[in-house]
Amino acid sequence: RFGQRRAVRVEWRLFEGNAMAPKKKDAAPEKKPILGRFSHNLKMGIVGLPNVGKSTFFNTLTKLNVAAENYPFCTIEPNEARVAVPDDRFDWLCDVYKPASKVQAALQIWDIAGLVKGAHEGQGLGNAFLSNIQAVDGIFHVVRVFDDDEITHVEGSVDPVRDLAIIDEELLLKDLEKIERLEADALGKVKRFGNNVPKDIKLEYETFEKARKLLETDRLPIRAGDWTSSEIDVLNTNLFLTAKPTIYLVNMSEKDFARKKNKFLAKIKEYVDSRTGELIIPMSASLEAKLVDLEANEGEAAAEAYCKEHGVQSSLKKIVTTGYAGLNLQYFFTAGPDECKCWTIRKGTLAPQAAGTIHTDFEKGFVKAEVMSFEDLKKHETEAAVKAAGRYRSEGKAYEVQDGDVIFFRFNVSAGGKKK
């Protein structure tokens, strides 16, 4: 019995390691473009078969919606939740500056119609499902591992690996249908040029051919491929469904979640690792709903007391932060007595484009960015002390903004050279 209990603990650690800890690398990898749209306004979509807990999870998120007035020109639609990204750094800045306005980063999450086998051919709500998935940039794939006689399973039984494979196969088949058309068109161009095929036409054809083989022969998603920078540029013109980063949310009963044990966990991990090795986060949608309601009705202390009594902890913080990071998003801070704000940007964004997220004039008239890292500010406690320590930097147009930078932009908006 002792050996069995120990095995369970090791298994859960493997899960948590899979969700949180990146593999160590001997050397920094070559920088490549990222699959997907280069935008600061990216969305995650909640995907899964019917009756796996998607609605419970999404309804919990909608109760955490941030105030819409903090995000100009943004309307929260009925199928959208906009959830604040928790960050102790932001809390520290607010404690120090005591600003009149506080604006955290937020993750946009869409609830996507349930899928059934045959969706790529339009079965069930397949067309709505696939069009909605096309509109998001990353996927929370919810899979059910709990038994409940009152909640029927669309496939008749609880088998999470089968369920994962159904959705993965539907997305793959839709991409394969698309890639075959693109490859045929590209091949036609190659033949028309004969021996004088331009490099870009040849690259396009070879990329589509490589992607088709990955989907058709290896039965793997596009994001699992080993792509060059040039190939990624070609793929990004089409935004394939299987190119979208995916985080797997394993929806457990509250009882299993509390004891960190379920017979399907190892099988799910084996399946995901055999394909992409992406993040897997155990969670309990019913527990999260209960905790959010407790906090809303009886206060934060009541929710904390429940967690302590039952030996559980909410997974929402981990889900939101990993979803945000999974979209390759990060943010820099502007901080002062008027406002502390997180400004969302894509990783790899240069200083002028980061400035443009505040106002287009900041980008057009960019002069320089005055930068200090959050770590330096926290260590030295004040901007003046950071400057005295020689850690306050002036950066130009080629500077790649880092996560957690505290920035003051100087820009020129007139011929007179006025700076702000």
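Visitor: How many residues does the largest nonpolar core have, and which of them have the most contacts inside it?

Guide: Keep in mind that this is a predicted model. The largest nonpolar core has 52 residues, and the ones with the most contacts inside it are Ile-46, Phe-57, Leu-61, Leu-107, Phe-140 and Leu-249. Let's zoom in on Phe-140. Setting aside residues up to four places away in sequence, Phe-140 touches Met-44, Gly-45, Ile-46 and Val-47, along with Leu-107 and Ile-109, then Ile-247 and Leu-249, and finally Ile-319 and Gly-323. There's a second, separate core too, with 22 residues, including Val-143, Val-145, Val-158 and Val-272. As a rule, nonpolar side chains in soluble globular proteins tend to be buried together.

Now for a charged residue away from that list. Arg-89 sits in helix H3, which covers residues 88-97. Arg-89 has a relative accessible area of 17%, so it counts as buried, the cut-off being under 20%. Beyond its neighbours within four places in sequence, Arg-89 is in contact with Tyr-331, Phe-333, Phe-374, Asp-403 and Gly-404. Take Gly-404: it lies 315 residues from Arg-89 along the chain, yet their C-alpha atoms are separated by 8.0 Å.

One more stop is the pair of helices H5 (residues 160-193) and H6 (residues 199-216), which pack at about 150° with axes 8 Å apart. That angle is over 145 degrees, so H5 and H6 are roughly antiparallel to each other. Their contact includes Leu-172 and Phe-193 of H5 and Tyr-205 and Phe-208 of H6. By class, the contact has 13 nonpolar, no polar and 8 charged residues.

Conventions: Residues are numbered from 1 along each chain as its sequence is written. This is a predicted model: local features need pLDDT of at least 70, side-chain atom pairs count only at pLDDT 80 or more; totals for chains, interfaces and linings use all residues. Side-chain values use heavy atoms; hydrogens and water are left out. Axes are lines fitted to C-alpha atoms, for helices over the stretch in contact, and angles run from 0 to 180 degrees between N-to-C directions. Helices (H or I, at least four residues) and strands (E, at least two) are DSSP runs, numbered from the N terminus. Angles under 35 degrees count as roughly parallel, over 145 as roughly antiparallel, 65 to 115 as roughly perpendicular and the rest as oblique. Contact means heavy atoms within 4.5 Å. Ala, Val, Leu, Ile, Met, Phe, Trp, Tyr, Cys and Pro count as nonpolar, Asp, Glu, Lys and Arg as charged, and the others, Gly among them, as polar. A nonpolar core is a set of buried Ala, Val, Leu, Ile, Met, Phe, Trp, Tyr and Cys residues joined through side-chain atoms within 4.5 Å. Buried means under 20% relative accessible area, exposed over 50%, partly exposed in between (1.4 Å probe, protein chains only).
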